[in-house]
Each structure stands twice: as structure tokens, then as C-alpha cells.
Amino acid sequence: MKIILSLLTSMVLFTQGIHSQDARQIAENASDAVEFSAMEMSATLRIIDNRGNERIRRIANASRKFNETTKTLIRFLSPADVKGTSMLIYEYEENPSDMWIYMPALRRTRRIISSEKGNSFMGSEFSNADMARPVIEDFTYRLLGTETIDGETCWKIESSCISDEVQDENGFSKKVAWIEQTDCLTLKVEYYDRDGELFKVMQLNDYRKQSNGKYFAFHMEMSNVESGRKSILAVDQFQTGSGLDENSFAVASLDQ
Amino acid sequence: MTPRNNIIRHRLWYIIVPAVITLAMLIPLRKARINPDLNAYLSDDIPAKINLDTIEKSFGKTDPVMLIFEAPDILSGKSLERIRDLSKAFGNMKEFDYVISLFDVKDIRGESGMMIVEPAVERIPGTEAEKEELRARLRNNEMAFKIVVSENFRHSLILLNPEEGLTDAEILETIREQLEMIPGDEKVYINGMPYFRYEIQKIAIRDLLILLPLALLIMIVFLYISFGEKRGVLLPLSMVSMSAVIAMGLMPMLGWDFSIVAILVPILMIAVANNYGIHIISLYQELNGRDSGHTMKSIVDQILKRLSRPIILTGLTTIIGILGLVTHIMLPAKQMGIVSAIGIAFALVFSLTFIPAVMSGMQKGKPVSIRKTDKAGFISRMLRWSGQTTTRKTRLVILVFAVFFVFAGAGISRLKVSINFENMMPRKHDLRKSARIADDHFGGTRYISLLFEGDIKDPDLLQRMYSYERELEKEPEVSDVTSLATVIRLISRAMNDPGDPMYDTIPDSRAAVAQYLEFYMFSGDPDDFEQLVDFDYTKALMNIQFTARDIRTFNRITGRISDLVTADPGFRIQAGNSLVEKQMSEAIITGQMNSLVFAFAAILILLAVIFRSFAAGLLGSLPLLFTLVCNFGLMGWMGIRLDIGTSLLSSIAIGIGVDYTIHFFWRLKLEIQQGKSAEEAVVATLSTTGRGITINAFSVIVGFAVLFLSGITILKAFAFLIIFSLLLCLLCALTLVPALCMVLKPKFLYRKNNSM
């Protein structure tokens, strides 16, 4: 699924300095470990506010790469009032992504333009920037050392935005990822705001090995330590590869 | 042993105990705190506060500071750059929960089949053409026009909502620091309650630091001029200091913060607490001068014998009048009533214990010549004229008063209640200017929120909300109404092309509403609606912004709101700081009425009891009635509004003003009992007690006059009106009351078996 793919590949970290080679290698390995060129899945997104109120969205998702363009289709399965609402994203190597939404109640498709990538994705704690593939050159990387999480020894890798523009685009100044040493799976990421203070923490669990030898995290949780809100993405079904052809990813097919 | 002997024999105790009490009351004063939060002046269980609390529980507390930038053209590159940099800097700060500016409010629009959600100003225009294009776009942006940019594009606003737990000083210092770090040519005005509280607190502290010593100094000069010897200054002044410390110390001791009007407490003590001491010194000088054979102890004995009763009676009436404030609804008024009454009670008791005790241990001073024989003195001339006029042209005096009463009283119909906090500030204060800009160019500083509950995505509810919006926006004073219905409508404009039946409407199906909102989530920020709808779409707010300079306009608009929404099944409550302010205005009126009626009735009864005559009660209350009617009439004619300060007036004026009539009755009765005719008795009373009454009144007036130097406008108005009222009370006691006594010849003055 696109979301998870992006989230995980966003943790591919390239480094400079003393540990740059090590850090880069680790980051590449972490990216490779979760690399899928095509996948289909269904998942439940729970958005929980600081009082414990919940919004639950069930979504189906398919993603496949055609030439240089990764095309992702997300369809709402529930709640009833938004069932059938679909979202199509084209991600290009160079240019900004295109995004369309189809609303069944209006039988209408609209393109979305939004300038704020740091904004929330679907009203969750995951951001639009988390959904998009990060530009590798946008960060500098550093190996901070090793730490143990849940009995797993992890490398601790910091990636910092190289400019204010990159910060604005991503909505954070730097992030620190814990990557376990056996299979190079990312277990935790901390996000720091412009003042260098921690504001979000993501935890990834329930990695399952897929038929192609890659891993996929079936449970992801993003907590906003400032607002007390959190969002949980739990994967219900997952398969590598997608049976959908390119026509299924066309804007004209959104209403079908 | 009589109490008099007791005081002289155990005089050390009568000196030490008051001194110790006073010193002990200095301890709680160290914990004293000024609370300039006007909302705290009403108790928490009033409906407006409960409703506001309900809304704040779901939607967070809003207590914003507004920064208004003024420039010839706010869209000029430099001004926009400064506003951008500042709103970005504020947005990144932990001190602020949210920031609203041209760079934060959204522009939701449709363009060639796309929905665009971006900040109202996405880029700073580089060319003249781009600038005009931006201007046109802002004019069409309902979320920005007249909200963050003024109609004439000369002003723009940054609204900052501080995080809870910060002090006003911290908030304002943070803002000032940022404004200095990102400087520019634009004039910046600040508005909002945090700024108001911060400024009024500064002024209040300045007032206390300057006015108190000044009032004391004036009183020292006044006492020295009146008595010409040190003890004549020090003894009454000791009463002032003791009662002021006790009254002020009681506030923190009882767990109360000093309010803005609490500044009046020490001033009131300075003005009133020395009255009893003045009478004592006056009699001491009289006895010392008249018969040098007196020893100090015999003088003290005489003083206690002759003055105890009148001092206790006038003290009681003052205490009871001021206690009228306890029936006031505003907490500061109640608190002021209680501590002032206790302070005066202590002054009364100490005047009859501490002063005689100290005096009995003193050497007799040199006899001071009393200007009793000074026939050319202003007071003497005035009193002589008054005596002649009231005895010779009695009916004319009554007629003149009656005409004045009717004319002045007519002004009451013009009396208005102030609902503008900023009017407490000096005329040239920033807050007054920024409030004017907000009223003239941004659609006002008053906000009311309506809470709706239910399924907020229900199109029926949203359509009803939209219809209320349209109706309310027809009111000329209402500048902006925003709710989720507004947002849905704006999304419908972005989603559909003009001419499409769905364009600019609330859709008919719930699914369509839900999908609009879901759609918005992909391009906007979920926080964009935080002020309009709660997380699970069960509660929604409609925020109404309007201007209302007086309570009539305010009531008309809130009335219109109630008419529209009360019957709506989804409507729950209306709330907002404006409604708390309105309730405060009503509390001012009710409080004023309560304390006035209480003080008036209590004084009437007390007079009737003292003189054992209902007629005495009525006759003695007449000057008070006259004074109050003229006072409120004058306020009406002069456009002085009833506010938290002026609403304290009547109780205080009644409490102090009645003393003059009591003194007058007292002496007049004595003169009549000595066999004088009514005419002779009036002339004799005016030339003896009349003098004491006049000096007493002027000492009070001098004490209050220092308030003219206060930085808080409402206290200046208070000073003007209390002085006016006391002068009227004095005038009544010296002319109207004697004239009425001449005409009516009330029986109580002629009864011999009186306990007096």
C-alpha cells in the first residue's frame, strides 16, 4: 500500500560525516526491506483525539508503478456516508504529485491543489509529507549510535532537512529513526519541530514477511505529543503485486 | 467605672491593641494581588459564565490578543512581508495556541475544475498587477475580507490565542519582543482582553503608588490648615492609616484579589475615616481655647461625653450606607462594601478609644485661635447667607430645589449603561484607538457563539444554520457570521461551477456533506474547522461578530438572535464574552438599584429610630433622594455612563451625605429645646454646627479629589460625581433641610423627652 510504502521509504536515510557511509547503507537496507513495486491492501485508520473520541475510516488501497509514475488508488469502504469516495494520486519522479477525488454523492471528480504538504493526511496525525516519497538530497544523515527497543538492537539514525523550504514542505526539521539490526526494519521514528522539539512519534509493529521476501508493518501508530492526538493504521489484508491494469488507475475510472 | 474613666485609666491598652491590630493586618497585605480580569467580577454560577464554560470545554478557551497593523496600503510588499514574518514567528511559538492572519486564513475556491485551498495570501505580490489581483481575490474571500484585512486595505490583523497558564504580562512581553525583532513602518495597535488587563493593572498599580501618598499629603495639608497644630494632623491621620491598612489587609485575608475599583478603598478611608478625629480635635481646640483651666484628662472626658453619641450615630449611618454595596451583584462592589464598612467601623471605634487614650497622655497644647470670630471667612459668609436666605425666603428655596429636581431628574431618561471596557482607559490610550479601528473597519469587537448539537452533517440543520446566517447578516451592526454551513457553502462554490444548482448551496444529502468535508481534509487542515465543529461532528458553533456601543443595540441584536434560533431543535445555548459583559452591565444596573434601595431604606429607618420619628426619616432622606436624582440626571445630561465605578456611587454618597443632615437635626433640636424660635434656631445651628458640617464635607471632597489624577477614566468620573453628590448633600443640609424644617415644623424637633 502506498501510504505504508511511502512512510517506510521516507525512512531511507542518506548520511554525511564520520558515519555517513554506515548510515547511508543502513538507510538503504531499511528501504530495501520494505520496497514493493506493486501491492493491494485494506486497512483501518483510527483517528483519536485527546479526549479519546474516535473517527474510524476503512479503506482499500492499490498501488502500482507504470514507467516513471507511481499510481495509487484509495477507496473508502466505511463509514457509510463517505463509502465509495475515492482518491487517485500520481507521483512523478520530478514534478509535484497530482491528486483527484471522486465523490459518489455528487457523482463528481475534482482535482485538489494544496500547497501545504506538512498538513494532515485525511485529518489524521500522518501528514501529506509522510505520504509522499521524500527527496533524498533534501536531508543530511547521521548515525547517532545504537539502542535497544523491545529486545531488538537498533541503529539510531538522524536525518535533518537541508533548508527552511524543505522544513516547510515536510512540516518537521529533523527525524530520528530506530532501525533494528537483523532485518533492517524501522521500529520507531521521532519527528522534531522547527524549534528542535519533539512533536510526533511513530511506532511500527507487526512486521510480516511477504512472498517476495520483503517485510510489511501491519500496525503503525503516530502520536502527536503536543496535541495528545494519535492515529493508528492497522492493515487488515495485504498482498504483493496488483491485478489492476493501468486503466483502473485512470481519472475517468474513478466513478466506477 | 464609666467607659470614659476606663479609657483614661487603661490608656496603654487602648493604644497598644489598635496598633497591634493594624500591624497584624500588614501581614496579609504582603499576599495582596491585583486581579484586573473583569470576568472574575461576576460569580461563576451566572448563566452567561456557565454557558461560556460549556462552549470552552468543547472548543477550547479563547482569549485572543489582536494586533492591528496600519499602513497607507497594507498590501504593499514591506507591510505584507512583516505580517508574514510575524505570523510565522508567532505560529512557531509555544505561547500561542493558534494564529490567524492573512497568511493563515484559507482561500477556498474553484478554478478550472480544481478545488484550491491555500492561505488567503499565498505569495507576496511582486508587481502592481499582482497586487491588484490579490486585492480583488481578498475582496471575494469571505474568510478574510473585513476579518483579517480591512475594507479600505489600510489595516490588517493578526489574532493570537495564547495558551492557557500564561500571565498577561508574559503574553504581552512575548508579543512586544517579536514586534521589535521584526520591525517596520506600520503602526501597530493592540487590542483584546489580555492587553486590557495588562494595561489596566499597570495603571492601577501606578494609581496606588501615586494617588495614595498624594491623597495623604493633601489630607495632611488640609488638616494642618484647619487645625494649625501637629496633633490636629497626626491623630486624624492615624485613624486614616489604621483603617486603610485594616480595610486593605482584609481583602487578601478574606482571599479576595484587588479589583480595579478596590483602589477606591484606601481613598475612601482617607476621605471618611478622619471625620471622627476631626470632630474630636475641633472640640479639643474649642475646650482648650475657651477655658484654660481644663486639664487634658478633663478635656478628654468632655470630648467622650459630648461626642460619643453623634460620632457613633454618624458612623453607623455611613457604615450602613456603604454596606448597601453588599447587595450589589458585582463581586468587587460587595467586597469593597464589606471591607470599607469594617474599616470605617474600626475608625469609629479607634476614634473613640485610641485618640482619647493618646490625648489623655499628652500635654495640653497651646490654645489655637479658632476662626470662629472670623466673620469675613468664606465659610462663615456662606453660612450667614444660607441662614438668611432659608429663614427669609423659605418657599423660594423650596421652589428652586423643586424646579432643579425636575429639570435634573429629566436627564435620567437619557442615562445609558456602559458596556465598553476600553472606556475605562484614558482617552488617548491605544486600546480606545484600536477598538475604534475594529469597530469601523473590521466589523466590531463583540462576539457571540451559538452552540448547536446533534448530527452536524445533517443537511437540514446546516440549511437552517445557513438561513440564520443570512438573516443575521441583514442586521447593519452584524458584520460576520461563520459556521460550518459557511464552509460547506464555500466548498460547494469550489466544487461546482457557477450556474450549477449545487453551486453556493448546502447539499441535500448527508453523504454529500460528509464527502465535501472529507474532500476538504485532503487539501486543507483538519484544524481549519476546530473553532466551528467538534471532533465527532456532534457539536457546532456559529460565531457572530458585530458592533454595539450601547446596551440597547446589544439587546436588539441578542434579541434578534434569540428570535431566530430559540425554536431550533438543534440549538442549545448562546455564549460569549460579550454576553458576560452584557450580564455585567445588567449586574451594574441591578446592583446599583439593590444597593441604592437598601442604603436608602436602611438610612430612613435608622433616622426614624435615632429621632424616634418617621417624619425625621422622611425629611432626612429627602436630601439623599434629591442628590441621587440630580446625580443620575446629571449623568444622563452629560453622557456619563453607568459603569462599575459609578454604580458604587449612590451607596457611598448616601452613607456619607446623610451625616450632614443628622448633625443639622441634632443641633437644631438642641437649639429649639433651649427655647429659641425656629428661625433663631436655624441661624444658630448653621453658624455653629453648619461650620463643622462644611469643613467635614470639604475634607471628604478633598480626599476624593485626588481621584481626578487617576489613569482609570471610570475613577475620574466617580470622583466628579461623588464630589457633585456630596456638594448637593451639603447644600441640602444647609438650605433645603432648614427651609423644610421652617415650613413643616416637624414634631420630633419640638419633643422634649428625646433620648438625645
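Guide: Happy to! Let's begin with how chain B folds back on itself: among its contacts with a separation of 6 or more, 81% join residues 24 or more positions apart. Please keep in mind that this is a predicted model. Chain B has 756 residues, and 52% of them count as buried. Along its principal axes, the C-alpha trace of chain B spans about 110 × 50 × 45 Å. Within chain B you will find 24 helices and ten strands.

Now let's turn to a sheet. Four strands of chain B make up an open sheet, and reading across it gives the order β8-β9-β7-β10, with antiparallel pairing. At the edges stand β8 (478–482) and β10 (571–575) of chain B; each has a single partner strand, so one side of each is left without a neighbour in the sheet. From one strand to the next, the twist averages 20 degrees.

Let's look at one pair inside that sheet. Strand β7 of chain B covers residues 446–453 and strand β9 of chain B covers residues 539–546; the two pair in the antiparallel sense over eight bridges.

A helix joins the picture here. Helix α20 of chain B, residues 577–610, lies across β7 and β10 of chain B, and it runs at about 115 degrees to β7(B).

Elsewhere in chain B, there is a pair of helices to see. Two packed helices are described by the angle between their axes and the distance between the axes. For helix α11 (residues 296–323) and helix α12 (residues 331–360) of chain B, the axes come within 9 Å and cross at roughly 180 degrees. An angle over 145 degrees counts as roughly antiparallel, and α11(B) and α12(B) are therefore roughly antiparallel to each other. The residues where α11(B) meets α12(B) divide into 16 nonpolar, seven polar and one charged.

Finally, let's see where chain B meets its neighbour. The contact takes 26 residues from chain A and 26 residues from chain B. On the chain A side, the elements that give two or more residues are β5 (98–103) and β6 (108–114) of chain A. Of the elements there, β6(A) gives the most, with six residues. The residues on this side of chain A that touch chain B divide into ten nonpolar, seven polar and nine charged.

Terms used: Residues are numbered from 1 along each chain as its sequence is written. Chains are lettered from A and ligands numbered from 1 in the order in which they are written. This is a predicted model: local features need pLDDT of at least 70, side-chain atom pairs count only at pLDDT 80 or more; totals for chains, interfaces and linings use all residues. Two residues are in contact if their C-beta atoms, placed from the backbone, lie within 7 Å. Ala, Val, Leu, Ile, Met, Phe, Trp, Tyr, Cys and Pro count as nonpolar, Asp, Glu, Lys and Arg as charged, and the others, Gly among them, as polar. Axes are lines fitted to C-alpha atoms, for helices over the stretch in contact, and angles run from 0 to 180 degrees between N-to-C directions. Angles under 35 degrees count as roughly parallel, over 145 as roughly antiparallel, 65 to 115 as roughly perpendicular and the rest as oblique. A residue is buried if 20 or more other C-beta atoms lie within 10 Å of its own, exposed if 12 or fewer, and partly exposed in between; C-beta atoms are placed from the backbone. Two strands pair if DSSP finds at least two bridges between them.
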